[in-house]
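Subject: Structure handover

Hello,

The structure you asked for is below, and my notes on it follow. Please read them with the coordinates open.

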Amino acid sequence: MRYPARRRAAAAHAAGLPAAAALTLALAAPAQALTLFDPSREFAMPGPAAFPKYAEMVQRYTAQYQQMTSACTTGAFALCAHIARWADFINRSEGMSGMPLFEAVNTYFNGFDYVTDPSNWQTADYWETPLQFYDVYGDCEDYAISKYFTLRGLGVPAAAMRIVVVMDENLGIQHAILAVNTGSDVVLLDNQISGVVSASRVAHYTPIMSINEVGAWRSR
């Protein structure tokens with residue numbers, strides 16, 4: 001699938017920020033009907049705010065962007081070096097689309113170290129912004145979040161993606177991945193799998209809930 005041409009926001013361009021940082025995050029937007037999973041086996045929630053950890057992460061991300069827009073023009077903000085790395089990757093990925101883009105994003109972020117939430121944040125479950133992930137690395141949902149916002153910054157629409165919390169039936173634990181509807185298939189970007197794979201090839205994940213910036217869904 002080829003997505004519309006990218007347009008970098010003026011403020012982000014002036015500050016040298018990646019386009020992902022300039023996204024408008026609509027927490028109260030109505031849910032959209034997607035085809036990532038069997039719709040008969042899931043039901044829409046009122047919106048992303050139904051999942052507080054996601055909503056709180058978005059609030060932190062928005063606050064970071066407001067700081068970055070002014071501070072990174074002078075280099076005063078502590079995370080400016082991470083922003084520059086993110087911007088460089090996004091700039092190098094411009095012009096890519098479809099599976100080559102998904103593979104590039106998946107491979108790039110899977111190269112970051114895995115660090116648990118108790119080690120980073122002294123709590124069992126904390127959803128990081130992409131800039132926090134660059135700073136201290138993170139666990140499964142943090143990989144998925146960073147991949148999601150990077151692809152959004154590269155022009156992939158929200159309606160084509162969901163961050164999905166699943167039960168890993170092999171390990172008996174919850175896990176998070178990014179699912180993308182390519183138009184002809186649903187593919188998974190997973191920090192536990194080196195390459196991008198079709199969801200039809202992964203039988204050991206049972207979806208629990210999924211979310212993007214326009215909607216949220218619970219699985220039956």
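Asp88 and Arg92 both sit in helix H3 (residues 80-93), four residues apart, or about one turn of the helix. Helices (H or I, at least four residues) and strands (E, at least two) are DSSP runs, numbered from the N terminus. The two side chains form a salt bridge, with 2.9 Å between the closest N and O atoms; the term stands for a side-chain nitrogen of Lys or Arg within 4 Å of a carboxyl oxygen of Asp or Glu. Asp88 is partly exposed at 39% relative accessible area, while Arg92 is exposed at 52%. For these words, buried means under 20% relative accessible area, exposed over 50%, and partly exposed in between (1.4 Å probe, protein chains only).

Before the rest, note that this is a predicted model: local features need pLDDT of at least 70, side-chain atom pairs count only at pLDDT 80 or more, and totals for chains, interfaces and linings use all residues. Residues are numbered from 1 along each chain as its sequence is written, and side-chain values use heavy atoms, with hydrogens and water left out.

Salt bridges

A search of the whole structure gives four salt bridges. Another of them joins Glu56 to Arg60, with the closest N and O atoms 2.6 Å apart. Both residues belong to helix H2 (residues 52-71) and are four residues apart, about one turn of the helix. Glu56 is partly exposed at 34% relative accessibility, whereas Arg60 is buried at 15%.

Glu213 and Arg152 form a salt bridge too, their closest N and O atoms being 2.9 Å apart. This pair links distant parts of the chain, 61 residues apart: Glu213 is in the loop between strand S6 (205-212) and strand S7 (215-219), and Arg152 is in helix H7 (residues 140-153). Glu213 is buried, with a relative accessible area of 4%, and Arg152 is buried at 17%.

Polar contact

Glu42, in strand S1 (residues 42-44), is buried at 8% relative accessibility. Its side chain makes a polar contact with the side chain of Arg162 at 3.1 Å. A polar contact is a pair of N or O atoms within 3.5 Å; within protein, one must be able to donate a hydrogen and the other to accept it, and residues adjacent in sequence count only if both atoms are side-chain atoms.

Largest pocket

The largest pocket has a volume of about 380 Å³. On a 1 Å grid over the protein atoms alone, a pocket is an open set of points where a 1.4 Å probe fits, with protein on both sides within 12 Å along at least five of seven lines; lining residues have an atom within 4 Å of a point. Grid points are joined across faces, edges and corners, and the volume is the space filled by probe spheres set on the points.

The largest pocket is lined by 22 residues, with Asp125, Trp127, Glu141, Val165 and Gln174 nearest its centre. The elements giving two or more residues to this lining are H2, helix H5 (117-121), H7 and strand S3 (173-181). S3 gives the most, with four residues.

Backbone

Gln122 is not a glycine, yet has a positive phi of about 55°. Gln122 lies in the loop between H5 and helix H6 (130-136) and is exposed at 63% relative accessibility.

Regards
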